[in-house]
Amino acid sequence: MAGVTTIGDRAERVPKQDRSRATRQRLLEAAVACLAEHGWAGSTVTVVAERAGVSRGAAQHHFPTREDLFTAAVEYVAEERSTALRALFPQGAAEDRRAVISALVDLYTGPLFRAALHLWVAASNEEQLRRQVTELEARVGRETHRIAVDLLGADESRPGVRETVQGLLDMARGLGLANLLTDDAARRDRVVTQWAVLLNEALA
């Protein structure tokens with residue numbers, strides 16, 4: 001009968017939907033890996049599709065343009081990292097602020113930050129990409145700030161507290177930049193320890 005969906009139809013369609021989601025996720029993960037390893041110039045849709053094990057046509061079905069693919073990829077991993085960060089402190093505000101600071105800094109020292117940096121550099125020279133990346137960074141920045149405020153138990157109604165939290169995130173981004181060229185783990189650990197002292201005083 002026309003317009004009627006049978007159980008058999010649904011059973012056949014669900015696996016197809018699952019395959020589509022799995023393909024999209026592979027493309028996003030491959031795009032981030034390529035961007036982190038090869039930069040913008042070396043990360044074409046064809047290269048990403050090959051790494052993901054799908055055809056170029058399948059890649060373009062999910063992401064019509066190269067810009068769509070890479071901004072979606074960085075946003076996807078940013079969301080995953082935000083979820084993972086919250087999962088480290090499921091009860092919300094943590095007593096150990098140093099652990100929170102260390103986790104926030106880790107956001108800026110992995111492949112996501114490296115990929116995002118390549119995307120920023122490319123966006124500085126490409127108008128269409130710049131609009132997309134600017135919007136993406138604004139959303140990611142707001143979410144990261146909200147997470148930091150929650151986990152640090154910061155009261156932003158107090159003068160200077162918002163700026164203190166933002167300073168922490170700016171510092172974390174700077175540590176991420178330093179880590180691009182050399183393994184900066186030892187110095188980073190000392191800086192994190194000192195920031196924990198400062199934040200405990202500022203947020204007390």
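Me: Leaving aside its neighbours within four places in sequence, which residues is L119 in contact with?
Reply: Keep in mind that this is a predicted model. L119 is among the residues with the most contacts inside the largest nonpolar core. Once neighbours within four places in sequence are set aside, the contacts of L119 are L35, W40, F70, T71, V74, L129 and V133.

Me: And which elements give two or more residues to this core?
Reply: The core we're talking about has 33 residues, with L27, V48, L69 and F70 also among those with the most contacts inside it. Apart from it there's another core of 28 residues, including L85 and L168. For the 33-residue core, the elements giving two or more residues are α1 (7–38), α2 (45–52), α4 (66–88), α6 (111–123) and α7 (127–152).

Me: Are α7 and α8 roughly parallel or roughly perpendicular to each other?
Reply: Helix α8 covers residues 161–181, and its axis comes within 10 Å of the axis of α7. The two axes cross at roughly 115°, and angles of 65 to 115 degrees count as roughly perpendicular. So α7 and α8 are roughly perpendicular.

Me: Which residues of α8 make the contact with α7?
Reply: From the α7 side come T144, H145, A148, V149 and L152. The residues of this contact split into six nonpolar, three polar and one charged. On the α8 side, they are R162, V165, Q166, L168 and L169.

Me: Is H145 buried or exposed?
Reply: H145 sits in helix α7 and touches E156, R162, V165, Q166 and L169, not counting residues up to four places away in sequence. Its relative accessible area is 6%, and the cut-off for buried is under 20%. So H145 is buried.

Methods
Residues numbered from 1 in each chain as written. Predicted model: local features only at pLDDT ≥ 70, side-chain atom pairs only at ≥ 80, totals over all residues. Heavy atoms only, no water. Core = buried A, V, L, I, M, F, W, Y, C linked by side-chain atoms within 4.5 Å. Buried < 20%, exposed > 50% of the residue type's maximum accessible area, 1.4 Å probe, protein only. Helix = DSSP H or I, 4+ residues; strand = E, 2+ residues; numbered from the N terminus. Contact = heavy atoms within 4.5 Å. Axes fitted to C-alpha atoms, helices over the stretch in contact; angles between N-to-C directions. Parallel < 35°, antiparallel > 145°, perpendicular 65-115°, else oblique. Nonpolar A, V, L, I, M, F, W, Y, C, P; charged D, E, K, R; others polar.
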